[in-house]
Amino acid sequence: ELCPDGLREVDITTDVAARAKTLLEARGYREDILAEFDPRLNAAKRDYSPQAFLAIHADSCIYNVSGYKVARASNSASLQEDDRFVRCVSSSYAAASQLPFHQDSITTAMTLYHNFMKINPQSPAAILELGFLGSDKAVLKNNRDQLAFGIANGVERFLQGSACQ
């Protein structure tokens, strides 16, 4: 997504992902950052098997809505773990970002995200929309450390086995 003011989704998401990776690696975790169409993801083999898979995106450039979203694959092979992963990321991200959860705009494009079909079906997976590039621009541009902190905390809580209510 490219906004009329020149703000690009890829710039926001790549930076936040790199910051979250740095935080998680400092805590002793090994993290991979994958491109949208990364060659390490093979739909035929589905052999990429992370302990958790989080796709990080940002929503459209519109200005009449605000908030973040987290969802799991609609055809999840591990519903309980995927739901727990969503809860962990959502609660930690909400606390760090101070953005509202925007449930009403979770789409089938999110729940049927193409990379969910390329990883091991037993790997817990979720997709996170950091916020809207329009309404939430200030948060997405100026609070990237906090956003990354929320992601890192959510992933870590999940990996440590928290229920994340």
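**View 1. Parallel pairing of β1 and β3 within the sheet.** β1 and β3 run parallel to each other, paired over six bridges. Two strands count as paired here if DSSP finds at least two bridges between them, and the elements themselves are DSSP runs numbered from the N terminus, with helices being H or I of at least four residues and strands being E of at least two. This is a predicted model, so local features need pLDDT of at least 70 and side-chain atom pairs count only at pLDDT 80 or more, while totals for chains, interfaces and linings use all residues. Residues are numbered from 1 along each chain as its sequence is written, and side-chain values use heavy atoms, with hydrogens and water left out. Zoom in on the pairing and you'll find histidine 57 opposite glutamate 129 of β3.

**View 2. The largest nonpolar core and leucine 130.** A nonpolar core here is a set of buried Ala, Val, Leu, Ile, Met, Phe, Trp, Tyr and Cys residues joined through side-chain atoms within 4.5 Å. Buried means under 20% relative accessible area, exposed means over 50%, and partly exposed is in between (1.4 Å probe, protein chains only). The largest core has 33 residues, and Leu54, Tyr93, Leu128, Leu130, Leu133 and Ile151 touch the most other members. Two or more residues each come from α1, β1, α2, β3 (125-132), α4 (137-142) and α5. The biggest giver is α5, with six residues. What does leucine 130 contact, leaving aside its neighbours within four places in sequence? Its partners are Ile12, Thr13, Val16, Ile56, His57, Ala58, Tyr68, Tyr93, Leu99, Leu140 and Ile151, where contact means heavy atoms within 4.5 Å. There's also a second, separate core of 12 residues, with Tyr48, Phe53, Ala71 and Ala73 among them.

**View 3. The disulfide of cysteine 3 and cysteine 61.** The structure has two disulfides, a disulfide being a pair of cysteine sulfur atoms within 2.5 Å. In this one, the sulfur atoms of cysteine 3 and cysteine 61 are 2.0 Å apart. The link is left-handed, with -90° about the S-S bond. Cysteine 3 is in the segment before α1 and cysteine 61 is in the loop between β1 and β2 (69-71), so the bond ties together parts that are 58 residues apart in sequence. Both cysteine 3 and cysteine 61 are buried.

View 4. Cysteine 88 belongs to helix α2 and cysteine 164 to the segment after α5 (144-159), distant parts of the chain that are 76 residues apart. Cysteine 88 and cysteine 164 are both buried. Counting bonded cysteines along the chain, the disulfide pattern is 1-2, 3-4. Serine 91 is also found in helix α2, and a polar atom of its side chain lies 3.4 Å from the backbone oxygen of cysteine 88.

**View 5. Histidine 102 in the loop between α2 and α3.** Histidine 102 sits in this loop and, at 19% relative accessibility, counts as buried. Its side chain makes a polar contact of 2.6 Å with that of serine 105. Such a contact is a pair of N or O atoms within 3.5 Å; within protein, one must be able to donate a hydrogen and the other to accept it, and residues adjacent in sequence count only if both atoms are side-chain atoms. Leaving aside neighbours within four places in sequence, histidine 102 also contacts Val65, Ser66, Gly67, Tyr68, Lys69 and Phe132.
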